[in-house]
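Look over the structure, then read on.

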Amino acid sequence: MVSRIALAAVVLALLVAATLASATRAFAVADANEMLTYMPTGLVHNKRTAPEVKSYLADLSSYDIGQPLLQMPGFKKTGILKLPRNEKATLSIWVSQAAAYNIEHGTGMTVTAVFNGRVKKHGLDLDNPTTRANMVSAIESVVRMGVSGVHLDLEPYPVTPGFLSLLEELDATFARLGFHGRFSVVAPANTSRWTPSYLHQVSQMVTQIDPLYYDSELTTVADYEAWVESSLAYYTANVSPNARIVPVIPSYSANPWHLPSVENIETATVALSDALSAGSRVNGAGIWWWWGFFYDEEGEGSYNGSADRAAWQSTTIDLPFSS
């Protein structure tokens, strides 16, 4: 027969374990590798030291964010992109420091290069093979620097066969280079832009789709949350099972298309939670952007991200994200 002392010890151990599990629960559901944020441009365009970059990585890790997105210079109309010397040096520091940080902390921080471009009318012609070849060459040169993620942000969202060809050509290039990192693209939250078949084709050639849920011009929380939920249902129905769905939610100051009282981390998280409850696939979440969220857009004095930070830490990272 188990003695009362032994039984009490077992009960105490179970209570301690339950308490510890409860205390860490808010940080256990989100997979940091599925959480992203767009970084301020100056953190790669200006010279940064190794200790500075190490500090940035620690800040990101404290919010369970494993995908820092670093903006490269925009593509020229011809698809050419030149990375200045200072940016090459700073990007290399990010790559080396992330590798060291991952070893030290057992994390999987993914340094992701963001490639921006304007698509026609007076921008990139993705149906032009030469333009695409220039873009692929530019992306290859950055991949060779050791980044672990490639992110395409081409807007207005392309709808021509040339975009599909670009994704195919990039996949072929990654295979040739032996690059097995994350390949993501931004996607329209509006479900009328990419047809089901087009969205499915895009998602078959990337590892992650990032629909952008901000600048909606909506003026009520109810309308915003319904918009996010409806869009995520559309993505769930039409995105390839092999591609992750990581919605990007807002944390930044007001503009003509964005009301922070309507579009913010808290309201977006409610929408993500409702979407998950309705059966939508949501693999993680992203923040546009770190400058508003973490730094309060310091220097501009026009945004207070404290409520967003609190909502992210207390609710967003605790969502039951899809596996």
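D215 sits in the loop that runs between β6 (208-212) and α8 (221-238). The model is a predicted one. D215 has a relative accessible area of 30%, so it is partly exposed, because only values under 20% count as buried and those over 50% as exposed.

Beyond four places in sequence, the contacts of D215 are Y252, N255, W257, H258 and E263. Its side chain makes polar contacts with the side chains of Y252 and N255. S62 lies elsewhere: 153 residues from D215 in sequence, and 27 Å away from C-alpha to C-alpha.

T160 is also a loop residue, placed between β4 (149-155) and α6 (161-177). Its relative accessibility is 27%, so T160 is partly exposed. With residues up to four places away left out, T160 touches D127 and Y198. The side chains of T160 and D127 form a polar contact. From T160 to P196 the separation is 36 residues in sequence and 14 Å between C-alpha atoms.

| Residue | Partner | Distance |
|---|---|---|
| D215 | Y252 | 2.6 Å |
| D215 | N255 | 3.3 Å |
| T160 | D127 | 3.3 Å |

Now the core. In soluble globular proteins, nonpolar side chains tend to be buried together. Here the largest nonpolar core holds 97 residues. M72, F115, L152, F163, I209, Y235 and W312 have the most contacts inside it. Not counting residues up to four places away in sequence, F115 touches several residues, including M72, F75, L81, V142 and L152. H151 and D153 are also among the residues F115 touches.

Note on methods. Residues numbered from 1 in each chain as written. Predicted model: local features only at pLDDT ≥ 70, side-chain atom pairs only at ≥ 80, totals over all residues. Heavy atoms only, no water. Helix = DSSP H or I, 4+ residues; strand = E, 2+ residues; numbered from the N terminus. Buried < 20%, exposed > 50% of the residue type's maximum accessible area, 1.4 Å probe, protein only. Contact = heavy atoms within 4.5 Å. Polar contact = N/O pair within 3.5 Å; in protein donor to acceptor, adjacent residues only side chain to side chain. Core = buried A, V, L, I, M, F, W, Y, C linked by side-chain atoms within 4.5 Å.
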